[in-house]
Amino acid sequence: MRYNDFHGEKISVLGFGLMRLPVLNNDQSQIDMEKVEEMILYACEHGINYYDTAYPYHNGFSEKALGEILEKNNLRDKVNIATKLFTLEIGKPGFDPEKMLATQLERLRTDHIDFYLIHGLHGDQWDRLKNEYNIVEFLNEKRAKGIIRYMGFSFHDDYDRFVKIIDDYNWDFAQIQYNYLDHEIQAGDKGLAYAKSKGIPLNIMEPLKGGNLIFPDYAQIEEIKAKHGITESSAELGLRYVFDKENLHVVLSGMSALPQMVENVEIADRASVGCLTKQEEECIEDIRKFLATVETIPCTACRYCVAGCPQEIAIPRAFSCYNTAVKFGNKEAQLRTYNRDCTNLADCVECGQCMDACPQHLEVPELLKKVRAYFEG
Ligand code: SF4
Ligand code: SF4
């Protein structure tokens, strides 16, 4: 395993994201502890020392599983735990950072968090945390007591807000969504450069866009790769794109099976800053161009259609499943989400409310039929 120096500590370049763990009975709360333990033991043996979880992952059971497995195997002192303050609770009765952190320490069976992040900052959340919850005093106090060793935030908004937040507190690190398709959205390349100029290392999340850049059996992608003489897997190509970048702290991969972890460890070992070849760069550019030509439903997920639907159909969710499956060639994975979240498309009574509400003027009922035909055949 390769390591980055972080304030004199060696942190593995590959981090284990514990948000897509194997589960039993298709229930996100029932983590398959045997498999996860096997993965954590493998990860530790192969030098991964950064484990990233969060308050809501697997309905709280991700933190619990990590805490239990580390304690059972006497590994707590050999690894860094990263977890996050859950910002979607802001403004809800009972939201209390103090209580949340106490719960997390209990779940994780530890007296300190190595890397603590404010989770997925966007919109006015940071301002609200400062103004309504005195978050700066809270964080400073926890850092002074050693309960939080390093403080960061994860981020889902635009570049300007990224700059504003990064300039507004004494952060040790930050975490952004970044991959070869998303390099110009959210913080993006500009965010990478800005964080570097401020001396703040970045973690990268979604390096394979939630698995979408794996492209299982995708003939057109394989043709593009062959044209450029690329023989590595699409997963390796995507990971090499991010490992190539400077100023990275950790590349997080949400691994859900041991073989995936084995492959990622090997990929991390083969990659390095500046590793991307000219052929790989050109191949990625051609993949980008090809994906831009794949026709999808131009739904922006604005959700204006949702509230007025008398049948409570998850319209944007159905379109998103379809678009992702068609664009990235992973129908099987999207079918699972479709079967979970889009069970009542057939209930559409064609009232037309959604079409009146849709700023994109989409023919929603007809498109819903198309999505049904695609997934339900
Ligand atoms: S047309 Fe169908 S999807 Fe649209 S609002 Fe009416 S019932 Fe809902
Ligand atoms: S209103 Fe139109 S664009 Fe917005 S979520 Fe609904 S279908 Fe998509």
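**Entry 1: the model.** I noted first that this is a predicted model, and I kept that in mind throughout.

**Entry 2: domains.** I looked up how the protein is divided and found domain 1 at 3-286 and domain 2 at 315-376. Taking the centres over C-alpha atoms, I read a separation of 30 Å between domain 1 and domain 2. How many residues of domain 1 are in contact with domain 2? I got five, and they meet five residues of domain 2. On the domain 1 side of this contact, I listed three nonpolar residues, two polar and no charged.

**Entry 3: α6 and α7.** My next stop was helix α6, residues 159-166, with helix α7, residues 188-197. Their axes come within 9 Å and cross at roughly 20 degrees. Angles under 35 degrees count as roughly parallel, so I wrote down α6 as roughly parallel to α7. I also checked the hand of the crossing, and α6 passes α7 in a right-handed one. From α6, the contact uses Y159, F162, V163 and I166. From α7, I wrote down G188, K190, G191, Y194 and A195. Sorted by class, this contact has six nonpolar, two polar and one charged residues.

**Entry 4: α12 and α13.** Then I turned to helix α12, residues 315-328, and helix α13, residues 331-341. Their axes are 9 Å apart, and the packing angle is about 170 degrees. Are these helices parallel or antiparallel? Angles over 145 degrees count as roughly antiparallel, so that is how I logged α12 against α13. On the α12 side I found R317, C321, T324 and A325, which meet K331, Q334, T337, Y338 and D341 of α13. The contact of α12 with α13 splits into three nonpolar, three polar and three charged residues.

**Entry 5: ligand 1.** I counted 14 residues around ligand 1, and those that come nearest are C309, C348, C351, Q353 and C354. Which elements give two or more residues to this shell? I found α14 (353-357) and α15 (364-376). By class, the shell around ligand 1 holds ten nonpolar residues, three polar and one charged.

**Entry 6: ligand 2.** For ligand 2 I also found 14 residues around it, with C299, C302, C305, P316 and C358 coming nearest. The shell around ligand 2 has eleven nonpolar residues, two polar and one charged.

Definitions and conventions. Residues are numbered from 1 along each chain as its sequence is written. Chains are lettered from A and ligands numbered from 1 in the order in which they are written. This is a predicted model: local features need pLDDT of at least 70, side-chain atom pairs count only at pLDDT 80 or more; totals for chains, interfaces and linings use all residues. A residue is near a molecule or strand if its C-beta atom, placed from the backbone, lies within 6 Å of it. Helices (H or I, at least four residues) and strands (E, at least two) are DSSP runs, numbered from the N terminus. Ala, Val, Leu, Ile, Met, Phe, Trp, Tyr, Cys and Pro count as nonpolar, Asp, Glu, Lys and Arg as charged, and the others, Gly among them, as polar. Domain bounds come from an automatic or database domain assignment. Two residues are in contact if their C-beta atoms, placed from the backbone, lie within 7 Å. Axes are lines fitted to C-alpha atoms, for helices over the stretch in contact, and angles run from 0 to 180 degrees between N-to-C directions. Angles under 35 degrees count as roughly parallel, over 145 as roughly antiparallel, 65 to 115 as roughly perpendicular and the rest as oblique. A crossing is left-handed if the near helix is turned anticlockwise from the far one by less than a right angle, and right-handed if clockwise.
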